Amino acid sequence: MDDLLDAALDAALTPGTRAAEVRLVAPQRYEHLAVRNGEASALTASTRQALGIRVRRANAWGFATTADLTPAGARSAARDADRAARSAARTARAPIAVVDAHGPAHGRYATRLKRDPFAVDLAEKLAMLTAAERALHTGPEVKSGHASFHAWKEAKWFASSEGARYTSTIVQVGAGIDATAVANGEVQRRSGPTSFGGDFRQAGWEWIAALDLPSLAPTVGREAVALLRAPACPTGTLPIVLASDQLALQVHESVGHATELDRILAFEAGYAGTSFLTPEGRGTLRYGSPLMRIVADATEPGGLGTFGWDDEGVPAAKTTIVDRGLLAGFLTSRETAARLDLPRSGGTARAEGAHRMPLIRMTNVDLLPGGSSMDELLEGIADGVYFETNRSWSIDDKRLNFQFGTEIGRRIVRGELGPLVRNPIYAGMTPAFWASMDAVGDRSTYHLWGVPNCGKGQPSQVARVGHGAPAARFQNVRVRGG
Amino acid sequence: MTRPTPDPIARLADALGTLPAGVTGDARLHRSSWRTMRFANSWIHQPHVESGATVSLRVVADGRIATATTTDLSDAGIGSLAATALALARVAPREPKFPGFPEPDGTIAPVAVSAATRRLSVDAAARLAASAIEAARAEVPDARVSGAVHVGAESITVLNSSGLRRSTERTAAEASVLVERLDTDPPVSGWAEGSEWDATRLDPRRLGRVAARRVPTAPVRSIRPGRYPVVLRVPAAAELVGFLGHLGFNGHGELEGWSCLAKRRGRRIVPPSFELTDDGRSPLSLPQAIDYEGAAKRRTPLIEDGRAAGPALDLVTAGRLGATTTGHGMPPESPWGEYGPSPCQMIVGAGDATEAEMIRSMRRGLVVTRFHYVRIVHPSRSIITGMTRDGTYLVEDGEIVAPVRNLRFTQSVLGALAGIEQIGRARERVGDERGFAAVTTPALLTRDFRFTSATVF
C-alpha cells in the first residue's frame with residue numbers, strides 16, 4: 001500500500017501544488033441483511049475500493065478518485081486532481097489558507113471489538129433476523145414485519161505531503177426491527193430500538209447480540225397495532241418530554257448541522273443550506289437554556305463518529321459546541337478554521353470513502369446529561385405529550401423552523417405517562433425551543449445513538465454520525481396530530 | 001494491487017456460466033464518469049473528477065435470492081462475487097414467487113445520448129460553472145453565487161443466465177445556480193436550475209442570469225400561514241410529482257399497504273387535464289433504454305384521464321403480485337433493493353398556460369420557486385412537509401407584489417394535485433445530480449395549498 005500512496009503523492013506534487021493528501025480505502029465492506037414478512041428483503045454484500053487524491057494549489061482545490069488501484073491508476077487520478085485544481089482556479093478570489101494539522105498524523109486506529117461481524121456465520125445472523133421478524137407479527141393487523149442488520153468495515157491508508165501517514169480500520173454495526181400495522185385505512189409503523197435501521201455502534205457482533213431483537217419484537221408489534229386505535233395527538237401549546245432517541249435527532253438537525261462551519265461560511269449555500277449562526281456569535285449567542293451543554297466528541301468510545309484522525313489528518317478531538325446555553329464552538333476543517341483565525345481544526349473533515357472529498361461532518365455531537373430522572377422530568381406536567389422514535393423530520397435551510405413527527409406519543413397526565421396518541425408532531429424555532437428546555441434527564445435516560453444516513457455534499461455523501469442524548473423536558477411547544 | 005480485467009463483461013458471463021446446477025442469476029456492470037464543479041461564495045470550491053465501475057451478481061438458488069457487489073474489477077474481485085452471493089443465498093428465506101430471469105426477446109433500440117456530454121473535459125465543466133458565476137454577478141454585482149455543474153455518462157450492461165444481454169448508456173448535464181443579495185434584511189435570493197442529457201444544450205450562463213433576475217428588489221414581507229392558491233414553479237412542482245412517484249407508485253408501497261393509491265387505482269384522483277407518464281425512452285426525460293434487470297424501458301401511463309394506473313414493478317414485486325415487471329427494476333443491491341421499484345423518468349403532460357397567466361388569475365396567492373427538506377409525514381395519506389426556499393412571492397390582484405418570508409407546508413400530495421386549476425405550457429426537466437431520476441413538468445397552479453408555519457427569513 002505504501003508504494004501506491006507514494007506513487008500517488010509523487011504524481012500529485014506538480015509545480016504549483018502546495019499540498020496533497022492521498023486516501024486509499026481497500027476494502028470498504030458493507031453487509032446488509034434484511035427479512036421482510038419471512039422473505040429475504042435484502043441480502044447484499046459489497047466491497048468498494050478507491051483511491052482519492054486532493055490537491056491544494058495557491059487558490060484552488062482539486063479532487064479526483066479512481067477504483068484502479070495500480071500505480072498507473074494512481075498517476076491518472078493525480079493528473080485529474082491537478083487538472084481539476086487548475087481549472088477551478090479560473091474563478092479563484094483569494095488564496096486558500098489552512099491551519100496546521102496539529103502535527104503530522106502517524107499511527108494506527110482500530111475499532112475495539114469482540115467478534116468481527118463479517119466473521120459471524122451468515123446462518124446465525126439470518127436466524128436472529130428471521131426470529132425477530134416473526135415475533136413482530138402479534139396480530140392480523142401487522143401486515144408487514146421487517147428486521148435488518150448492517151455492518152461496515154473500512155480499512156484506510158492516509159498519507160499527505162506534509163508527512164502524515166496513518167492507517168485506520170473501523171467496524172460499525174447496527175440492527176433494528178419495524179412493524180407496519182394496517183386497519184380501516186389507518187397505517188402505523190413502530191420500530192425498535194429506534195427507527196432508521198435501529199441501534200448502531202462502532203463495535204462487533206456483540207453489540208447486535210446484546211440488542212436481543214427477538215425479545216423486543218413482540219412489544220414493537222403490539223405497539224404498532226395499539227397505535228391504530230389510539231386517539232390523535234392533541235393540538236395545543238404544551239409541555240413535552242422528548243425521549244433520548246428523538247432528542248438525538250433534534251440535536252442532529254438543530255445543533256449539529258447548524259454549527260457546521262462550512263454551512264455558516266456559505267460553502268453549502270446552494271444545496272444543504274446555510275445556518276442562522278454567524279462566526280461572531282461564538283461566545284455570545286444564546287443558543288438555549290443554561291441546562292444546554294453540547295460537545296462534539298470524536299474520542300467517545302463506540303460512537304459512529306469516533307476515529308483516530310479525520311480525513312485531513314487532524315487527530316480526533318472533543319470540542320465544546322454549546323456551554324451552558326451559549327454558543328461556544330463550531331464543527332471545523334483546516335480551511336474553515338483558518339478563515340476564523342482559530343488555532344486549530346476541530347478535526348471534523350470526513351468523507352464517505354476515498355471516492356469522495358472530505359467535508360465537515362458531525363462526529364458524536366452529544367447533549368450532556370443533566371440531573372433529572374424520568375419521573376422528575378414528568379413531574380409537574382399536568383397535561384403534556386411524550387414523544388419517542390422519529391418518523392418525519394424537516395427543518396429550514398438555516399436550521400431554524402423545524403417540524404418533527406414521531407412514531408409514538410403518550411399523554412402526560414398529572415406527572416405520569418398516560419395512554420398512547422398517534423401521529424404526534426411538534427414544531428418550533430431552534431433558539432426558542434432550546435431556551436424552553438427546563439429539565440434534562442440524568443445518565444439513566446442517556447443513550448449514544450447512531451445516525452447512519454446523514455446526507456450532505458455534491459456529489460452526495462452519506463455519513464454515519466453519533467449522538468448521545470438523555471431525555472429532556474421543554475415548555476410551551478406547539479403540538480398537534482398529523 | 002490487482003489489475004482490472006480488460007473485459008469485465010466476459011468475466012461476468014463466465015461467473016454466470018459456472019454457477020452450480022439449478023442456480024440462476026443476473027449480473028450488472030455499471031460504469032460511470034463524472035465531473036462536478038461545485039461553486040460557493042462565487043468561486044469553484046469543490047471540483048470533483050470521478051471514474052468508476054461497479055459489478056453486481058444476483059443469484060437465485062432454490063428460490064433463495066442474494067446479491068454481491070464490488071468495485072474490484074480484477075479477475076479475483078469478479079470471481080469472488082459468485083461465492084459471496086451463494087453463501088448469502090444458502091441461508092436466505094425462500095422467495096417462492098420469484099418469476100425467474102427473462103429470456104432475450106429481441107433487440108432494443110438505443111435511446112438518445114450525447115457523445116459531447118460523455119467527452120466534456122474537466123476544464124470545459126469548469127468553464128460552464130464559471131459562466132454561471134459571471135452571468136449572475138453581471139446582473140447583481142455584489143451577489144454571492146453558489147451552485148454546481150455535474151456532467152457525466154453512465155453505462156449499464158445487464159446479463160443473465162437465461163441468455164439475456166443488454167446495454168444502455170445515459171448521459172446527463174445538470175446545473176443549479178443560487179444568487180443571494182446579502183445587503184437586505186433578511187437577505188434575498190433567486191434560483192434557477194437545468195437538466196439535459198446533452199451538455200451542449202445546458203446553458204449555465206442563462207441559468208445564472210435567470211437566477212440573478214429573480215432576486216427580489218422589493219422588501220420582504222411576512223404573511224400568515226394558512227391556505228393559499230399557489231403557482232408551483234418547475235422545481236417545486238417536480239418535487240411534488242417525485243413524491244407521488246414514491247408514495248403512489250412504488251411497488252413496495254403496494255405490497256406493504258402504505259401506498260396512497262393502493263385502494264384508489266382506476267378511480268379519478270386528479271383533474272383529467274393532469275396526465276402523468278413514466279417514459280425511460282423519451283428525450284424529454286433523461287433516457288435510459290433498460291432497467292437494472294435488463295427489462296426494456298417503455299412508456300408507462302401513471303395517471304390518465306385523472307385516474308391512477310398500477311404501481312411500478314420489478315421481477316420480485318411482480319412475482320409477489322402475480323403480474324409482470326414494468327421495467328422499473330433498481331439495482332438489486334442495497335439501498336435500492338430495499339427502496340423498491342419506482343418510476344424514475346416521470347413526465348407531466350403540458351398545459352396551455354404561461355406563468356404570467358397563472359399569476360394573473362390569482363386574486364391573492366403565492367408563487368413558490370422550490371422546496372427544501374421535504375419529508376413524509378403520513379405515507380398512506382400522502383402528507384408531506386417541507387419549507388419554501390429561494391424565492392417565494394405574494395401575488396395580489398394578479399401581480400407579484402413582494403417576496404415573502406419562507407413558509408412551512410404540511411400538505412397531502414394528492415390533495416395538491418387534485419386542486420390543480422392550470423397547467424403550464426413550458427416543461428422543464430429536473431434531474432438528480434447524476435441523472436438517475438428525473439421529473440419533467442410544467443409549472444402548476446393549485447387552488448388550496450396548506451402552509452402551517454413561517455420562518456424568519
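Mentor: Strand 16 of chain B gives the lining of the largest pocket its largest share, seven residues, where strands (E, at least two residues) and helices (H or I, at least four) are DSSP runs numbered from the N terminus. This is a predicted model, in which local features need pLDDT of at least 70 and side-chain atom pairs count only at pLDDT 80 or more, while totals for chains, interfaces and linings use all residues. Residues are numbered from 1 along each chain as its sequence is written, chains are lettered from A and ligands numbered from 1 in the order written, and side-chain values use heavy atoms, without hydrogens and water.

The space in this pocket is about 520 Å³, a volume filled by probe spheres set on grid points joined across faces, edges and corners. On a 1 Å grid over the protein atoms alone, a pocket is an open set of points where a 1.4 Å probe fits, with protein on both sides within 12 Å along at least five of seven lines, and lining residues have an atom within 4 Å of a point. Of its 30 lining residues, Arg206(B), Val234(B), Ala426(B), Arg427(B) and Glu428(B) are the closest to the centre. Besides strand 16 (420-431), the elements of chain B that each supply at least two lining residues include strand 6 (188-196), helix 5 (204-213), helix 6 (234-249), helix 10 (355-360) and strand 17 (438-454).

As for confidence, chain B has a mean pLDDT of 95, with 99% of its residues at 70 or more, pLDDT being the predictor's confidence in each residue, from 0 to 100. The model scores ipTM 0.95 and pTM 0.96.
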